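Subject: Structure handover

Hello,

Here is the structure I promised to pass on. My notes follow below it.

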Protein chains: 2
Amino acid sequence: MIVVDDIAEMEIVSVDAILEKYIPEHELKEVQRILYGGKLEKLNIPSAAEELAEEKKFELAGYVIDAAPENIRPPRIVRIGAIQNQIVLPTTAPLVEQRDAIYKRIESMIEAAGMCGVNILCLQEAWPVPFFFCTREKDPWCQLAESAEDGPSVKFLQNFAIRYNMVIICSILERDEIHGDTLANTAVVISNSGKVLGKSRKNHIPRSGDFNESTYYLEGDTGHRVFQTQFGKIAINICYGRHHPQNWMMYGINGAEIVFNPSATVSGLSEPLWSIEARNAAIANSYFTCAINRVGTEHYANEFSSGDGKPAHKDFGHFYGSSYVTGPDGRRTPGLSRTKDGLLITEVDLNLCRQTKDTWCFRMTQRLPLYAESLAAAIKHDYEPPVIKE
Amino acid sequence: MIVVDDIAEMEIVSVDAILEKYIPEHELKEVQRILYGGKLEKLNIPSAAEELAEEKKFELAGYVIDAAPENIRPPRIVRIGAIQNQIVLPTTAPLVEQRDAIYKRIESMIEAAGMCGVNILCLQEAWPVPFFFCTREKDPWCQLAESAEDGPSVKFLQNFAIRYNMVIICSILERDEIHGDTLANTAVVISNSGKVLGKSRKNHIPRSGDFNESTYYLEGDTGHRVFQTQFGKIAINICYGRHHPQNWMMYGINGAEIVFNPSATVSGLSEPLWSIEARNAAIANSYFTCAINRVGTEHYANEFSSGDGKPAHKDFGHFYGSSYVTGPDGRRTPGLSRTKDGLLITEVDLNLCRQTKDTWCFRMTQRLPLYAESLAAAIKHDYEPPVIKE
């Protein structure tokens, strides 16, 4: 039963679809080259997966970001999966029912990912729950916080990690019992063995628009960890952290080859930025990025205000999906739809990271000692910026 | 006499023009919102300037990036000008003639800028000369290097700075006689009083594709200076420095409100990155950016190789222009053409910088002490990145 299904008729499905619909072939090719670095080859999707997607009404798209063959290293082919989804039940339903309905929904999407041979799968930010941070209400929402070691969402996904030999990134509202029952915005990395490999917390917390998330949790304290999996080195930059290039940079310095950005963001606030930030990060750091945003409009029982002079209301806008993957050379996939649940599969060759470093030399020319020194000076209270006046 | 005028017939003029040509109004509006943050109001251009542009065959475009009125501060309206241009004579002509022909060409474009009330004007990278760095030939090109204090190009522009009460940014190949006759890639800031306010050198030097610029000069040693002008605080991030978010960040930390990025880059190498990097910098740092690229294809007398396995050749591709301005809120102007000389004028309200900082809080949430500490650790030779393994 999909109750929350009020996606406005007026919402366009995607920019990519509009470009393909109207622009003639020759010019479209140039537009796609300039905007996206070229049109990617489509991935061959098994028909069983396509049938499942059709039956369960979610989008299923697949692309290939290839790399040149090398003489010494074999290719390192990895399939990255990204899932974007709406909530299923109204936010007034009993909490466990809401969560179970999402579990059920996600299960069929993970099954499709398994059929497609996905090696690393990432879900959107706080995927098992409505994005209630807009409300600033602690009750009942804090009850949904769960353990990053053995909470219900982690346990739910561990089964699939084993069944499909798949690393799964599970972004949750974490309850940290060891440290005073505090909350955190946390991504848990579940290895393809089913074990919890570790967790990474959101480093930058918004205080902007409806996203008053510091009502619930503070800046993460796990730094810029990288997880060595069987399918490459990965890291997670959660949501608002994508606005901070220095955050992306540290994951790159620590060796990440794919950085995931599970997000939840609405069209009025960030949509013109969405296609820029994760893609810029891939380019600047010579790694792959995978940006995932949830879909749909969520309604809440009690009205809340947004600090923007407008009347109180019960929803905070349209989550516009548009999840996409970018390669280190700047080529990117089209986005998933702005309006519909979806699974994006991108086959990549991780060799492209080092190839791009060798070609463009952005890492070699980074001058990190200069910036270590500059930042150390700049953070002092008596810092005097070098401003030249007449 | 425009000799170098071989812009391939096949080059499209701009992505913006194609979108406007084919996409119906309602959907175009959404595409422009998602891609550019909305369609900007056009600036009212004096007819005398339009006539001059038509006569001299350069594009003249103007836009407004507005800000909300405030209660306490008056608006701070500034007009930013950006000029992109081809070389005029063949690269085999006597050096002084080549330069003089460019001076003459630029003069009419600056005149148009003056008519339009431009307050700060920036020219492209190494604007008085062909972009000969591809050739790796020292002779005769190094002869064109000039003083950043009183070289011919600086002197040429000082006249216009006074005449039009205009700050002008002059990007040159600098000859530093005080420091061993060495060369540098340098932007000179000429105040609207006509005085040289100071200079800022290119911080990151490419060793990529044809851009073997470290054959001529090394990494800049002027740090991240900001220039306090009558029309706001400005800084210059020259060309390849736009690939480095930490470089953009330091100009922001030092207080820049507008950062110019005079560039010279060709379509095969960087075009899909062009619309991403300067725009991402504006967003991440809550300032305006102005990215300028030269136009046309330059041919050289002697063939050179590009280290890419292809035969030696005498040109290194198409400079694709596409100069544009982005606001701190991510809204951007369309690009100037990919094929033609042009002057882009953008009227901005500098108040938008602080307004955006207050709204999005990217500066407040930047956590610089974390990164000062992380970088200080990361640059050590015995650094052990935090990599978690099973």
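What covers the buried residues of H1(B)? The cover includes helix H1 (15-22) and helix H2 (25-36) of chain A, along with helix H2 (25-36) of chain B. Helices here are DSSP runs (H or I, at least four residues), numbered from the N terminus. Covering is a matter of contact, meaning heavy atoms within 4.5 Å.

The model is predicted: local features need pLDDT of at least 70, side-chain atom pairs count only at pLDDT 80 or more, and totals for chains, interfaces and linings use all residues. Residues are numbered from 1 along each chain as its sequence is written, chains are lettered from A and ligands numbered from 1 in the order written, and side-chain values use heavy atoms, without hydrogens and water.

In helix H1 (residues 15-22) of chain B, the buried residues are B:Val15, B:Asp16, B:Ile18 and B:Leu19. Buried means under 20% relative accessible area (1.4 Å probe, protein chains only). Down the axis of H1(B), they fall within an arc of 165°, so they line one face of the helix. The arc is taken over the directions from the helix axis to the C-beta atoms.

Now the interface. 80 residues of chain B are in contact with 80 residues of chain A. B:Tyr371, B:Leu375 and B:Ile388 supply 9% of the area that chain B buries against chain A, more than any other three residues. Buried area is the accessible area (1.4 Å probe) lost by two parts on being put together, summed over both. The two chains, B and A, bury about 7600 Å² between them, 67% of it on carbon and sulfur atoms.

Best wishes

How values were computed:
Buried < 20%, exposed > 50% of the residue type's maximum accessible area, 1.4 Å probe, protein only. Helix = DSSP H or I, 4+ residues; strand = E, 2+ residues; numbered from the N terminus.
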